Amino acid sequence: MMKDKLLQKFAELFGDSEGVKVYFAPGRVNMIGEHTDYNGGHVFPCALTIGTYGAARKRNDNELHLYSMNFERMGVINSTIDEFKQMDNWTDYPRGVMWAFEGRGMKMTSGMDLVLYGNIPNGSGLSSSASLEVLTGFILRDLYGFDVTNTDLALIGQYSENNFNGMNCGIMDQFASAMGKKDNAIFLNTADLSFEYAPLVLEGAKIVVTNSKVKHKLV
């Protein structure tokens, strides 16, 4: 199981897995409405069963120790919660969310150890970055007791990607990850975030998402 792999890697890196919590946030695919989300239009995304997993535990100091099983050669990347600067690597996504939380008056009281694994192919258009941002929001809310809704987490993730990572994305990706519901798509008005769930159980048919292996990089 993915949980066991994460906990095993966590213990290997940080001594033990006592008190560690495991989290998940899904990727997404959009059924219809491409390029309308950043123009205030309607979109029809649904969450996927693939996404980003995280195992996290608070520290007793201000240090952040971040590790991704997708970028093992980079090892554990260390920084602090005292100042969030761009490091031009994958940690800019979770640290950007921490920066955005702090900007809203929700400052982390201590650092954390975090092990991540994503099974969304990078650059495949299934929102691995939004999944990581929403996952980070889930973790911060749970570990530090921040009072935020799932919609708030989507908005914070979008804000961090826009302003910390420099990608002017719309709200669809983060919203679909934070608000996704099993066997449903989301009919979302990105202008005002009004939405309704649309049952998507197809008898005798399947939605097939294929990986063309053609990468895109928007930042």
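Asp-113 counts as buried, with a relative accessibility of 5% (buried is under 20% relative accessible area, exposed over 50%, partly exposed in between; 1.4 Å probe, protein chains only). The model is predicted, so local features need pLDDT of at least 70 and side-chain atom pairs pLDDT 80 or more, while totals for chains, interfaces and linings use all residues. Residues are numbered from 1 along each chain as its sequence is written, and side-chain values use heavy atoms, without hydrogens and water.

The whole structure holds 10 salt bridges (a side-chain nitrogen of Lys or Arg within 4 Å of a carboxyl oxygen of Asp or Glu). The table gives three of these pairs.

| Pair | N to O distance |
|---|---|
| Asp-113 and Arg-59 | 2.9 Å |
| Arg-95 and Asp-92 | 2.6 Å |
| Lys-9 and Glu-12 | 3.1 Å |

Asp-113 forms its salt bridge with Arg-59. This pair links distant parts of the chain, 54 residues apart: Asp-113 lies in strand β6 (residues 112-118) and Arg-59 in the loop between β3 (45-58) and β4 (63-68). Helices (H or I, at least four residues) and strands (E, at least two) are DSSP runs, numbered from the N terminus. Arg-59 is buried at 19% relative accessibility. A network of salt bridges joins Arg-59, Asp-61, Glu-63 and Asp-113.

Arg-95 and Asp-92 are three residues apart in helix α2 (residues 92-103), about one turn. Arg-95 is buried at 1%, and Asp-92 is buried at 4%. In helix α1 (residues 2-14), Lys-9 and Glu-12 are also three residues apart; Lys-9 is buried at 14%, whereas Glu-12 is exposed at 55%.
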